[in-house]
Amino acid sequence: MKWNCIACVEDLIRPEKLLGSFPLPLFTLVSEPIRQAIQKTVLFEHGTGIPSAIVQHGASKFDWEEFKRLAYEEGQSSWEHLNFTIPESARVYLRTCIPQNTLLLGVEMPAWFKAWSIESNIDYIDLRISPVRFARDFYIAIDTNNPEIYERIQKHAVPEEEIRLEATAMTASTLAQQWALDRQDRYPLDLDDTLIYVGQTSFDAAIIGAPGKHLRCQDFANDLLKLASKPWRKILYKPHPFDDGFSSEERKALEAIMQRPLSICLNNSYQIISSSACTELVSISSGVLQEAEFFGKTTHWLHQPLVPLAWPQDAYQNGRYLQVHFQTILAPSFWHQILAPDQTAPRVPQLPTLTPSYGRELLDTWWDYSKFKLWQRNFWIEAFERSGGGFLRHRVETLEQGLLRNRSTILDCDEGNHTTWPSSAQVQGKITIRGKGNHITIAEGVNFDGLVDVTGHNNQIHIDQDVRLVGKIYIWGSGSTLQIGRNSTFARVDIKCHEGKNITIGTDCMFSYDIEMRTTDGHSLVDIANRQRINPPEDIVIGDHVWVGKGVTILKGTIVASNNMIGASALLNRPYKEEQTVLAGSPAKVIKQAITWQREAKEKFTTAELDAWKLLQTSPPDSSKKPASNCISPSSLVISDEDWFACIATIRSKIEANPQQFGRGDLYQAHETWGIKGQRPTLQRLYEYGLEKWLPAHANVLDIGCNIGMFGLALSEKIKSYYGFDHNQLLIDIARQMANVRGIDNCQFECESFRDFTLRNKENKFNVVFSFAVHVWIGMSIADYAKAVYALLKPGGILIWESNRLDTNDKDFFQNVRHFLNAGFVIQSCGKLKDDNIIERGFYVLAKQEPSQ
């Protein structure tokens, strides 16, 4: 053997808590096979960095603390900055501690250590768990800077053809498993036309960029935005199985970049890559993408892989990894052949043939493989049944039947789902959920009596306040949303929300008996010429205040405008744009116009009684404060076609997918006549501020913290221009969507901070500035904020300044007006309002007064 010693060297820079569980076990595993192979003890002393026994070979004793002091002497703040290079003083120090005729054996050696070894003419072998982890057992990836060792490893390396055979076997297993699940209508794998972003841990060395920082998805915003622009049916986010809490932050950043909400992908990696679905994957540098390529999946790399693979036929290239079977590194004969083939062969060439997954079991390292092998497989289910589970299942079913007869609630949900309703809701019947990431939310005052059956992933059901529903709700597939608006009633209905499509039902709807709604035909019509399905599923949207008669069938693609009536036994299968009509027939058509309806049976109604349903969209305003004839009125841009209802449905689905970004799980701003529900009715607030009195003709309006920009949209016909900005991209996207659908072109919405806006808008002057409950979040003192807003207004310009919560974080609101007076404002009006029936707020109307005045 050409080396005086072989030393196991630990990562000298990376903190031990970030190294994972591999280095110590792997060093331990290979030490004895190497000793038997070369008849020398491998130097290994955990916790020392470099074994102290190396001193006898002419080196100085290694002092880890001294090395770290030298490594960080140039002010480097983290191990990430030292990943590629270390200071010269630290490199010199290493040369005194490691003799030149040493072979270094490392696990996940950092780039700087490899570079130093090459520069110092010291050989190394780097061991890693291979990124290809779907075979019968995982592989060990090996890199070396010694071409002779590389050539010897090649004889033991795993060929690409073997890995492709393993991929085929896994694919066959997946198909068999999924067929069994499909036959039972359980856990559908609905991933066609889907892009999946594969996340990594925040500290993964694979995503360290050349500048020495961990790369984030924000560093690849342009590439991700281009990918998101493709017509994907779904974009999903798959967190790392060892997620350290970073996934929530990364998912939000991705949503801002891709300008759409992302649901969590709950399928395991091997279900995804071995499925027949048309799925593409994107990641910064996840090994899952390397695995996916063996299954023919399209992958999008944002950064290079940490462990690039080589094959037995490839010529030596430093930095590329050959792979060997896990059992190979346990064989003394392997180490004998690559380190000392001229010496006497070891007495025990290798362990007897090892069982599949021996390495996984030995190191208790499974990643997603355990889920693939065990999840919902018949063997384990049958084993449960035979060990008494069948009797238990029978007993449970008997108890369920008894509970149903007594009008109780039975909840049968898989793990990873969420159901919630308050004590004021009466829920009777059975709720069954099969899958992951499904959410059922039932609001106060709901009376539900029936069946809910959900099979799939990431589906949403939201039943709003005071709904009465008798019937059955079925969801099959993934990504569907069922939204039922406040005060709607159902005598008996079957709702079938299938194949990832949505059903949206507005407020104050009245459904009679024996009504069926479904988003799919259930089977495929196929064009023989191109073999394509020609009857895809479609959403259903029912507006507010719609009366549906007995025996009506509502098919996919149906859109019904608000304030309509549907006659008994009608069949609806297309958009119906007009309001105040009676629809009847099969298929339905308009048979009468200029008709509305009311629940109460009497001879004559007032206009207020007939319009009462409109107030249900938001909290009803104080009836004692009716707007004067010259107050801000609802926009005359009344949209009743399918685009506006589809827009509302999309907004509601965004709320359901991202409730944490919408306060109490709903929009913050409402519009009383547009069907946009929320916590704070916009028209009522405008009336409370008396804005009509202060709003000049052709005004340029600025809205600080505009949320979904409802003030600009509501005022668009009365102003010249509106500029609203907010820090939440999702809210800005909703504002832009509404403006586009309603044809409003004088409102601009941007995602930015107040500081960024003021820095780049030195010359812009506005007639009116809105500051609604945002000053406590700006991050500057009230005095500085007052001066900044003053600078944004034209002479005589108006500021409407509203408090946050007077009882908690804005108690000094009325006293703080002095800062605005000091800045040059004069008070025009002030008051209090409680427009969401929960939070009391104060407001001032202030006018800018120039110093000369």
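Q: Where does Gln313 sit?
A: In this predicted model, Gln313 is in the loop between β9 and β10.

Q: Buried or exposed, that Gln313?
A: Exposed: Gln313 has a relative accessible area of 59%, and the cut-off for exposed is over 50%.

Q: OK, what about confidence, what's the mean pLDDT of the chain?
A: The mean is 86, and 92% of the residues reach 70 or more.

Q: Where is confidence lowest and where is it highest?
A: Lowest in helix α15, residues 378–405, with a mean of 72. Highest in strand β10, residues 322–325, at 97.

Q: Which residues stay under 50?
A: pLDDT stays under 50 over residues 618–640. For that stretch the model has 46 contacts beyond four places in sequence.

Q: Back to β10, which sheet is it in?
A: An open one of five strands, ordered β1-β2-β3-β4-β10, with mixed pairing. β1 (5–8) and β10 are the edge strands, each pairing on one side only. From one strand to the next the twist averages 25 degrees.

Q: How do β1 and β2 pair?
A: In the parallel sense, over four bridges. Cys8, for instance, has Leu105 in β2 as its bridge partner.

Q: What packs on that sheet?
A: Helix α1, residues 23–38, touches β1, β2, β3 and β4, and its direction makes about 145 degrees with that of β2. Then there's α5, which lies across β2, β3, β4 and β10 and runs at about 45 degrees to β10.

Q: Which residues of α5 are buried?
A: In α5, residues 147–154, the buried ones are Ile149, Tyr150, Arg152, Ile153 and Gln154. What covers them includes β2, β3, β4, β10 and α12 (332–339).

Q: Anything at the start of α5, say which atom of Asn146 reaches towards Glu148?
A: A side-chain oxygen of Asn146, which comes to within 2.8 Å of the backbone nitrogen of Glu148.

Q: Switching to β9, what order do the strands of its sheet come in?
A: The order is β7-β6-β5-β8-β9, an open sheet of five strands with parallel pairing. At the edges are β7 (263–264) and β9, and each pairs on one side only.

Q: How many bridges join β6 to β7?
A: Two, with the strands running parallel. Tyr237 has Ile264 in β7 as its bridge partner. Helix α8 (residues 246–258) packs on this sheet, touching β5, β6 and β7, and its direction makes about 155 degrees with that of β6.

Q: And His300, which strand is that in?
A: Strand β9, residues 298–301.

Q: Why call His300 buried?
A: Because its relative accessible area is 18%, and buried means under 20%.

Q: What does the side chain of His300 make a polar contact with?
A: The side chain of Glu280, at 2.7 Å. Beyond its neighbours within four places in sequence, His300 also has contacts that include Leu195, Leu227, Lys230 and Leu289.

Q: Moving on to β18, which way do its residues point?
A: Thr481 and Gln483 point one way, Leu482 and Ile484 the other, and all are buried. In a regular strand the side chains alternate between the two faces of the sheet.

Q: What does β18 pair with?
A: Four bridges join it to β16 (residues 460–463), running parallel, and Ile463 stands opposite Ile484.

Q: Last topic: how many residues are in the largest nonpolar core?
A: It has 43, and those with the most contacts inside it include Ile651, Met738, Phe749 and Ile800. Helix α21 (residues 729–741) gives the most to this core, with six residues.

Q: What is Met738 in contact with, leaving aside its neighbours within four places?
A: Trp644, Cys647, Ile651, Ile676, Ile708, Met710 and Leu713.

Q: Which residues are in the other core?
A: That core lies apart and has 41 residues, among them Ile442, Ile515, Val548 and Leu572.

Notes: Residues are numbered from 1 along each chain as its sequence is written. This is a predicted model: local features need pLDDT of at least 70, side-chain atom pairs count only at pLDDT 80 or more; totals for chains, interfaces and linings use all residues. Side-chain values use heavy atoms; hydrogens and water are left out. pLDDT is the predictor's confidence in each residue, from 0 to 100. Contact means heavy atoms within 4.5 Å. A nonpolar core is a set of buried Ala, Val, Leu, Ile, Met, Phe, Trp, Tyr and Cys residues joined through side-chain atoms within 4.5 Å. Buried means under 20% relative accessible area, exposed over 50%, partly exposed in between (1.4 Å probe, protein chains only). A polar contact is a pair of N or O atoms within 3.5 Å; within protein, one must be able to donate a hydrogen and the other to accept it, and residues adjacent in sequence count only if both atoms are side-chain atoms. Two strands pair if DSSP finds at least two bridges between them. Axes are lines fitted to C-alpha atoms, for helices over the stretch in contact, and angles run from 0 to 180 degrees between N-to-C directions.
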